[in-house]
Amino acid sequence: MSAEIERKFLLPAFPAAELDNKEIKLVSKQYIYQTYLAFSEDQEIRVRQLVDSSGESHFTHTFKSGHGLVREEIEYNISEPVYKQLLERTGLVPLEKIRTTVEYQGLHFEIDEYKQVDLAVVEVEFPDIETAGRFTIPAWFGRELGQEEEFRNKSMWVQLQTQK
């Protein structure tokens with residue numbers, strides 16, 4: 001397993017001005033359809049369909065374990081037929097989001113705009129805990145979400161399933 005070191009912040013508005021004045025640089029944009037196959041309090045198994053700006057899709061299967069700043073993660077690509085087989089006849093509603101990745105001072109920020117809820121967040125992944133601790137939060141970020149359960153993707157996805 002590899003460790004994922006990440007901090008998550010509320011995003012009051014998409015940083016269009018920061019893109020325009022080149023404070024941040026656009027890296028990529030993709031649509032993500034995320035569905036959980038199994039989960040417990042501190043583990044989750046999910047699949048994703050990721051559609052890039054050219055319309056091409058690829059699919060992933062991910063296992064995550066833990067809470068907080070450092071989590072264990074295993075992620076690998078799967079084929080479209082396997083993805084469809086895992087989801088067929090489940091009736092599960094995927095969590096939909098647009099992910100815009102930008103670069104800022106050598107770091108990549110992942111901006112997620114959720115389609116089914118009025119929410120935007122920005123996640124920053126770090127190479128180590130020390131770098132995460134030294135990170136200077138840009139003025140356009142909102143408050144840090146940390147351990148707030150309601151802002152976890154898994155929690156939002158569970159809410160979608162109960163709204164059917």
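A: A salt bridge is taken here as a side-chain nitrogen of Lys or Arg within 4 Å of a carboxyl oxygen of Asp or Glu, and by this rule the count comes to 15 salt bridges. The model is a predicted one, in which local features need pLDDT of at least 70 and side-chain atom pairs count only at pLDDT 80 or more, whereas totals for chains, interfaces and linings use all residues. Residues are numbered from 1 along each chain as its sequence is written, and side-chain values use heavy atoms, with hydrogens and water left out.

One of these pairs joins glutamate 73 to lysine 64, with 3.5 Å from N to O. Burial is judged by relative accessible area (buried under 20%, exposed over 50%, partly exposed in between, with a 1.4 Å probe and protein chains only). Glutamate 73 is buried at 15%, and lysine 64 is buried too, with a relative accessibility of 7%.

A further salt bridge links glutamate 80 and lysine 84 at 3.1 Å, N to O. Helices are DSSP runs of H or I with at least four residues, numbered from the N terminus; because glutamate 80 and lysine 84 are four residues apart in helix α2, about one helical turn separates them. Glutamate 80 is partly exposed, at 36% relative accessible area.

Arginine 152 and glutamate 149 also meet in a salt bridge, at 3.5 Å from N to O; arginine 152 counts as buried at 14% relative accessibility, while glutamate 149 is partly exposed at 40%. Elsewhere, salt bridges that share partners join Lys8, Lys97, Arg99, Glu110, Asp112 and Glu123 into one network.

Lysine 154, in helix α4 (residues 153-162), is buried yet has no salt bridge, and the nearest side chain of opposite charge, that of glutamate 44, is 4.4 Å away (Lys and Arg count as positive, Asp and Glu as negative, and His and the chain ends are not counted). Apart from neighbours within four places in sequence, the contacts of lysine 154 (heavy atoms within 4.5 Å) are Tyr36, Phe39, Ser40, Glu41, Gln43 and Glu44.

Helix α2, residues 80-87, also holds valine 82, which is partly exposed with a relative accessible area of 35%. Together with Leu37 and Leu86, Val82 forms a nonpolar surface patch of about 200 Å² accessible area. Such patches take residues with over 30% relative accessible area and no salt bridge, joining like charges within 9 Å and nonpolar side chains (Val, Leu, Ile, Met, Phe, Trp, Tyr) within 5 Å; the areas come from the Shrake-Rupley method with a 1.4 Å probe, and for residues only the protein chains shown count as cover.

Conventions. Helix = DSSP H or I, 4+ residues; strand = E, 2+ residues; numbered from the N terminus.
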